[in-house]
Amino acid sequence: MIHAINFMPELIGCGKYTTELARYLESRGHEIEVVTAPPHYPGWFVRAPYRGGVYATEFVGSIRVTRCPIALRAGAPGLWRLLAPLSFAVSAAPVVAWRIISFRPDVVICIEPTLMSAPVALLAAKLVGARSLLHVQDLEVDAAFEVGPLKGGAVRKLANGVERWLLDGFDKIITISRKMNEALVVKRLSSEKISVLRNWVDITAISPAPKACSPFREELALPANAFVVLYAGNLGPKQALEILIEAARRLASEHDLYCVVAGAGPMREALQRQSADLPNVRFLPIQPVERMNELLALADLHVLPQSKGAADLVLPSKLGGMLASGRPIIATADPDTELHDLLSDIALLTPSGDSEALADGILAARELDWTRRVERGLRLVETMSAQTLLPQYEALLFGG
């Protein structure tokens, strides 16, 4: 049983990995059920033909998927970032309890976000003697205070106490970075309970391809000699994409240099307004899986901006695809953060929040010999391949 707020057909973020995990386990002969919400990420609105206020059941292959109501406001402003997952946790609670008790799974997997859904799943797992596992994709309690709507020391102390109690109830915790692992240990969780498995990438689907393989250059009417700086992913506050737009403004006199922003999310309209007068900025919608390799091949340089406050609360899931594409990468990452440590000899790194440094870095990137760095990136991504990590995940489900 997998309990997760995000699932297919969402194309990016946590839903992508939860879907790939479920499909992999199905291919290995496991019987899988999923309790989730209607697809709503990125952007925080329900995609047709799904509806946000109803219960519905469908089958994806042999996987039974039950979708539970969620209350949403587009972009999830302010407290809606808390109200939306809370509404899902409440609506899903009776379904999770009923399905676990009737389905009697061997393993119950909860995905964070959202931890709000965990209490009922944990209780039902214990009632049927199932092993419980939490997959921490995002330290959402910390993020809610660092870059989100929650404030106040007393509130944070209470939230941290509830979080630790819930985390401690799981038999196993999987997280996606070393820094997130350290943050969990600081919460006084046993290090033996925690394993680190980075988000994976299918290196058979994404691999180095020549620029000529990307039809997006023609679709965007870019000059033949265009140097393309590409961001592809969620357009949200944690990504600090306003820094990229500011850098593009500083680079507007470089007539062969273009910044392409591909994706969807609550910041898209604001970013489009911010860059409306810039001829060197282009936008693309979120792309289907079958076009992802073509999209990544558009880049002469991938850019990976990140909010300073979220530096070690999440590890950008888009990194695997960037590395697998065999393209140079520039990232905003400060020393002693996970991203900085991981990419120190692979990417060009600039301080977070510094648009001038990012602009200077993009200019410098055009002159660098990237051969060695790209080779090191491709070696790193082999350790992050789905073919390597998903079998390890399966072993952890049963105590391996």
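**A tour of salt bridges and a cavity**

Begin by selecting Glu-33 and Arg-99, whose side chains meet in a salt bridge with a distance of 2.4 Å from N to O. Because Glu-33 belongs to strand β2 (residues 33-36) while Arg-99 belongs to helix α2 (residues 80-103), this pair ties together parts that lie 66 residues apart in sequence. Both Glu-33 and Arg-99 are buried. Keep in mind, as you look, that this is a predicted model.

Next, select Arg-178 and Asp-341, where another salt bridge brings the two side chains to 2.8 Å, N to O. Arg-178 is in helix α6 (residues 178-186) and Asp-341 is in helix α12 (residues 338-343), so the pair ties together parts that are 163 residues apart in sequence. Arg-178 counts as partly exposed because its relative accessibility is 35%, and Asp-341 is partly exposed as well, with a relative accessible area of 34%.

Move on to Asp-345 and Arg-376, which form a salt bridge whose closest N and O atoms are 3.6 Å apart. Here Asp-345 sits in the loop between α12 and β14 (348-350), and Arg-376 sits in helix α14 (residues 371-382), 31 residues away. Across the whole structure, the search finds 17 salt bridges.

To find the largest cavity, with a volume of about 70 Å³, select some of its lining residues, including Tyr-17, Ile-176, Arg-198 and Met-384. Its lining comprises six nonpolar, three polar and one charged residues.

Methods. Residues are numbered from 1 along each chain as its sequence is written. This is a predicted model: local features need pLDDT of at least 70, side-chain atom pairs count only at pLDDT 80 or more; totals for chains, interfaces and linings use all residues. Side-chain values use heavy atoms; hydrogens and water are left out. On a 1 Å grid over the protein atoms alone, a cavity is a set of points where a 1.4 Å probe fits but cannot get out, and a pocket is an open set with protein on both sides within 12 Å along at least five of seven lines; lining residues have an atom within 4 Å of a point. Grid points are joined across faces, edges and corners, and a volume is the space filled by probe spheres set on the points. Ala, Val, Leu, Ile, Met, Phe, Trp, Tyr, Cys and Pro count as nonpolar, Asp, Glu, Lys and Arg as charged, and the others, Gly among them, as polar. A salt bridge is a side-chain nitrogen of Lys or Arg within 4 Å of a carboxyl oxygen of Asp or Glu. Helices (H or I, at least four residues) and strands (E, at least two) are DSSP runs, numbered from the N terminus. Buried means under 20% relative accessible area, exposed over 50%, partly exposed in between (1.4 Å probe, protein chains only).
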